[in-house]
Amino acid sequence: MASLETTIGSIKLKTPLMPASGTFGYGDEYYGLISYEVLGAIVTKSLSLNPKRGNPPPRIHELPYGILNSIGLENIGLERFLKEKLPFLEKLDLPVVVSIFGESEEEFLQVGKRLKNPPICALEVNLSCPNVKEGGMLFGSSPERVHRIVSLLKNTTPLPLWVKLPPDPFHLREIVEAAEKGGADALTLVNTLPAMMINPHTGKPLLGGITGGLSGQALFPVALRMVYEAYKYTHLPIIGSGGIYSGEEAISFIMAGASAIQIGSAIFSNPHVFSEIHNYLIEFLKKKNLTDINMLKGKFHDMENSSL
Amino acid sequence: MNEGEVISIKRFSEDLFILELFLKEETSFKPGQFAMVESPGRPLMRPFSIFQLEGKKLSFLIRAKGPGTNSLLNLRPGKRLRLILPLGKPYPEPEPEGEVWLLAGGIGIASLFPLGLLLVKEGFKVKLFWGAKSASHLPFPLLWRFKEGGLETFLSTEDGSMGQKGLLEDLIPSNITAKTIYTCGPVEMIKRIFPKLLSAPKAYFSLEERMACGLGACRSCVLWMEEIKTVCKEGPVFEKEDLLKWQALKRP
């Protein structure tokens, strides 16, 4: 059978498939319902130092082409995670990537330094969160901010940092380079796209948090293009994420340069999506007479370059 | 995970129907529990109360009111749907003595129907109060089954086309003689009726909210109160004591 094994820096993954942060809870919710065998890693919901309530409902709004959500980063906080959730994750034979965020640099650092023991293999740095001290500007909104928080974290934790970026299509290169210079070990591209909906009949927002993030089908081509661009600017491994529902879409991401992919919204219409994509990848490699998924990585760039 | 093959879609009115599925794997449920059901072509599965389950034959009573429910209404026999079930906490047992009231607002009957039939079988005296917009939302075949099952049934419609004209809260006696009350219906109805039921020894409410996962993972379907609760995992059935802290009930 063809190999789906891949690496993100020093971390070996059995398969390139993992859930996107926020769609898979703390890793225990789907246990028993779907096969965890096909996962390369677990990625947790974003954790802050203290528990966070998140936004008032409604928190989700379905569109024909995706999902709008404003969960507002609700989470149980670091202490409860360590006590209630980590013991379960320790029993799984899977690397665990913990997504972290903070409302300030200090909070980010305090969360980062407390998460260090196996099975935690990396921290995913969620930069789509507001820095309260900077008037709510997103950490990921400028190269300077990205560089600062990543380098501060780098000095705080020995774990690899996967820096997850918002889908800002116009400052991609600067932000990617800032993350790399700050000491990122990998990039996760992309987070949800800031978005909103208004009910014109009532004049009220359709989300309790007024604005939220768009995920799902609509995000796919946006995210694909960002992976494709980022691959040209950096040697860091890229974890691609955004509207992946099928094996074909997963392969597109890998061809654009992703070393691994995250699946989020698709879980909500089909929890079996991991197994289905896993089987598709195996079949695809077999049909193409390839022995290893990594042979497809960045393939699109090779083709593009050779046709010039 | 489970899967269901569409056996039939029985339409009662313009927008009310029973979706009958044949399950791939046998399962069981308790009244009040729900299933997440694939809505073909839509990004989210939909939560529906389990209406009936006999062997591998599962059915949902559904009102078509949006793109998800409409996608189900137009299915053909043979179509397979992904399902997750049973989910959520069922209705707790009633108080051992005394009358039981079921208060159903519109399609809220879907979860109370199996409960009512079960309680009558167990020997409880059960009264059903069912309010809807109009007669077309009170399907006759269901009413017939309640009669057969031995439920004393009281009806109201907003337009007066069947039963008492008015709202469900006007239909129920002001003197609460029930020891246990089970309520299921739209949030607006629950908001109006909640204060009237405070004197009941036990009152349970089944709530609905938009969901994505049904498993407590996505944190979409929360009740906004001091200690946030999810409808899918900690509900959908809540005791009146839980809801006293629910902020939606405090707002007019």
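Strand S8 of chain A and strand S11 (residues 161–165) of chain A run parallel and are joined by 4 bridges. The model is a predicted one, in which local features need pLDDT of at least 70 and side-chain atom pairs count only at pLDDT 80 or more, while totals for chains, interfaces and linings use all residues. Residues are numbered from 1 along each chain as its sequence is written, and chains are lettered from A in the order in which they are written.

Strands here are DSSP runs of E with at least two residues, helices are runs of H or I with at least four, and both are numbered from the N terminus. Two strands pair if DSSP finds at least two bridges between them. S8(A) also pairs with strand S7 (residues 96–100) of chain A, again parallel, through 5 bridges. One facing pair of residues for each partner strand is listed below.

| Partner of S8(A) | Bridges | Facing residues |
|---|---|---|
| S7(A) | 5 bridges | A:Val96 and A:Ile120 |
| S11(A) | 4 bridges | A:Leu161 and A:Leu123 |

S7(A), helix H2 (residues 105–114) of chain A and S8(A) form a right-handed β-α-β unit; right-handed means that, with the strands pointing away from the viewer, the path from the first strand over the helix to the second runs clockwise.

Helix H3 (residues 140–149) of chain B lies largely in the open, because 1 of its 10 residues is buried. After H3(B) comes B:Gly150, with a positive phi near 90°.

Chain B is divided into domain 1 (2–87) and domain 2 (99–250), with bounds from an automatic or database domain assignment. Their C-alpha centres lie 20 Å apart. Contact between them involves 19 residues of domain 1 of chain B and 18 residues of domain 2 of chain B, where contact means C-beta atoms, placed from the backbone, within 7 Å. On the domain 1 side, S6(B) gives the most, with 3 residues.

Between the chains, the contact takes 27 residues from chain A and 21 residues from chain B. On the chain A side, strand S5 (60–63) and strand S6 (66–69) of chain A are the elements that give two or more residues, and S6(A) has the largest share, 3 residues.

Methods:
Two residues are in contact if their C-beta atoms, placed from the backbone, lie within 7 Å. A residue is buried if 20 or more other C-beta atoms lie within 10 Å of its own, exposed if 12 or fewer, and partly exposed in between; C-beta atoms are placed from the backbone.
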